Amino acid sequence: MASSTTSTAITRNQVDLLDFIDWTGVECLNQNTTHPFQNAIKQGYREDEGLSLESDADEQLLIYIPFTQMIKLHSIVIKGPQEEGPQTVKLYTNREHMGFSNVTDFPPSDTITLSPDNLQGKPVVLKYVKFQNVRSLTIFIEDNQSGSDITKVQKIVLQGTTVETTDMKGLKKIEDH
Amino acid sequence: MCLLEADDHLVQRHLFRREQENYRFIFQTLQFLLRFTLFIHQSSTMVLEATMICIDNSEWMRNGDYAPTRFQAQADAVNLICGAKTQSNPENTVGVLTMAGKGVRVLVTPTTDLGKILACMHGLEIGGEMNLAAGIQVAQLALKHRQNKKQQQRIIVFAGGPVRYDKKVLEMIGKKLKKNSVALDVVNFGEEDEAKTEKLEALVAAVNNNDSSHIVHVPAGSNALSDVLLSTPIFTGDGEGGSGFAAAAAAAAAGGVSGFDFGVDPNLDPELALALRVSMEEERARQEAAAKKAADDSSKQGKEGESTSQDATMSENVGASASESENKKDDLMDDENALLQQALAMSMDDPAATVTTRDTDMSEAAADDQDLALALQYSMQEDAKDQSDMSKLLADQSFVSSILTNLPGVDPNDPSVKDLLASMQNQPEKKEDDDKAPKEDDK
């Protein structure tokens with residue numbers, strides 16, 4: 001399962017972490033209900049250029065993604081339109097249930113500024129050391145490229161590896177003989 | 001006589017058993033009906049929600065244009081909402097804060113304990129002016145720190161006094177609420193003022209996301225604040241469904257009784273509810289029968305009731321109650337006692353209805369067992385109190401059918417529903433026929 005995106009330093013065996021997302025816990029604040037986060041993250045939906053995640057009351061978005069196991073996050077791809085695509089994105093690890101009021105309370109694990117290239121699909125490599133044991137990721141999109149009221153995101157891909165943890169589902173009861 | 005008295009107890013038991021068998025069928029059919037209607041309603045809203053209720057305890061709440069005072073009407077509405085929320089989902093939490101007085105004060109943080117919420121509503125002081133913005137912000141904060149993060153956040157504001165804030169400020173607050181996915185319900189009552197209405201409408205429009213937020217305007221009038229709220233989306237939730245609480249309370253309100261029929265009937269104790277309801281129906285049907293019988297039997301009273309042991313005892317007991325009821329009838333003006341009669345007549349009639357082989361000799365004997373009859377009366381009286389209105393309404397078939405037609409999912413043309421209605425109709429009619437039959441026997 002090699003990573004599928006193009007070019008540059010997509011290093012050895014980074015996988016798309018889509019399979020490890022715990023879908024029951026994913027939350028997105030300030031999303032427009034007709035354009036929910038599934039459009040950007042879910043398999044199939046995110047490939048569709050027409051479907052995008054849009055913000056509602058203002059241009060900020062807060063997406064909380066828990067994982068089913070510990071992962072190391074290597075890079076992230078955020079695709080969006082040139083104008084309304086995100087610009088400043090802050091990432092927080094292992095913080096549950098953040099709100100817009102406490103995004104400023106603690107420093108982000110990483111801050112990225114997306115260039116138009118990135119919006120085309122070029123991955124952004126993250127500070128790997130900060131993302132070693134990630135249970136949940138919070139993506140805070142602070143503003144967009146043009147400063148418009150609505151931010152649109154077409155696709156979000158997380159790439160990384162899993163930490164060697166026991167998959168509890170794989171454990172089987174020992175049969176008594 | 002000693003022999004007969006010894007058998008009393010057995011006969012009583014026998015009589016009761018017969019009655020029970022008779023009732024069981026009725027119970028089951030009505031139980032089905034009741035459970036069916038409740039199921040329809042309860043299955044539709046089980047949203048897990050944390051709610052903060054913002055109460056207005058400003059000086060404007062002293063006004064009496066809502067009976068008895070605005071504040072009291074508001075308190076009743078709050079109690080009703082708390083009950084509805086906690087019943088629609090046991091994990092729902094509700095908290096309360098006051099917006100006026102010395103400042104915004106949280107009375108109770110979101111909790112599932114209804115008792116705590118109701119208790120904190122006591123001893124609230126009226127004064128000051130309502131601070132809407134601060135109230136909403138504190139409510140939002142309280143919700144943010146809720147224990148169960150899976151709960152949807154909702155704020156219910158009772159806006160009675162005037163609103164001092166600008167429309168712009170309120171719209172900003174609304175946007176912030178929407179951004180944090182907090183729903184807002186506003187009850188606009190008390191001070192009537194165009195600017196206030198406009199501001200509140202703008203606030204709710206700013207918060208509204210997919211119809212989850214509502215505003216209700218309640219003008220002053222004869223309708224209680226709580227009754228008006230019962231029919232609004234604040235109670236019925238976002239969809240077409242409503243909680244069982246709301247449905248039952250609405251039906252009761254429509255029937256002219258605020259609150260439940262016999263206490264918290266269908267939700268806590270469906271069987272008791274049915275028992276009470278059935279006894280009311282029977283009593284009403286008996287009322288006419290008892291009236292006729294009393295007129296006929298007055299001439300027969302005092303005649304000997306010669307028969308074999310069991311029949312004699314039965315007719316004695318029956319005679320005792322009949323004579324008691326008859327005597328009472330002359331004195332009676334109250335509904336309660338009339339119902340009492342019906343109950344007595346009912347116990348008298350049932351053996352007649354069920355026992356075909358027995359010589360249902362309804363000739364009245366001397367009132368031997370006065371004590372026993374009295375005991376019967378009292379046990380019936382417990383159930384009969386305060387329920388005359390409801391009994392009449394329930395026995396009114398047209399009313400029942402109109403309720404049924406209004407229920408979603410119940411098709412009055414459905415054969416099973418028709419059967420139920422027919423059986424309910426037949427039961428009182430059947431009993432009356434049986435009453436007439438024994439009378440003819442006597443003659």
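Begin by selecting B:Ile155 in this predicted model, and look across to B:Leu184 of strand E5 in chain B, which B:Ile155 stands opposite. Now widen the selection to the two strands on display, strand E4 (residues 152-159) and strand E5 (residues 182-188) of chain B, which run parallel and are joined by seven bridges.

Next, bring in the whole sheet of chain B, which is open and has six strands in the order E3-E2-E1-E4-E5-E6, with mixed pairing. At its edges you will find strand E3 (105-111) and strand E6 (214-217) of chain B, each of which pairs on one side only. As you turn the view, notice that neighbouring strands of this sheet are turned by 10° against each other on average, if direction is ignored.

Then select helix H2 (residues 70-88) of chain B, which packs on the sheet and touches strand E1 (49-55), strand E2 (93-98) and strand E4 of chain B. The direction of helix H2 makes about 175° with that of E1(B).

For the last stop, select helix H5 (residues 167-179) and helix H6 (residues 194-207) of chain B, which pack at an angle of about 25° with their axes 7 Å apart. Because angles under 35 degrees count as roughly parallel, H5(B) is described as roughly parallel to H6(B). The crossing of H5(B) and H6(B) is right-handed.

To see where the two helices meet, show the side chains of H5(B), including B:Leu170, B:Gly174 and B:Leu177, together with those of H6(B), among them B:Ala202, B:Leu203 and B:Val207. Coloured by class, the contact of H5(B) with H6(B) has six nonpolar, one polar and six charged residues.

Methods
Residues numbered from 1 in each chain as written. Chains lettered and ligands numbered in written order. Predicted model: local features only at pLDDT ≥ 70, side-chain atom pairs only at ≥ 80, totals over all residues. Heavy atoms only, no water. Axes fitted to C-alpha atoms, helices over the stretch in contact; angles between N-to-C directions. Helix = DSSP H or I, 4+ residues; strand = E, 2+ residues; numbered from the N terminus. Parallel < 35°, antiparallel > 145°, perpendicular 65-115°, else oblique. Left-handed = near helix turned anticlockwise from the far one by under 90°. Contact = heavy atoms within 4.5 Å. Nonpolar A, V, L, I, M, F, W, Y, C, P; charged D, E, K, R; others polar. Pairing = 2+ DSSP bridges.
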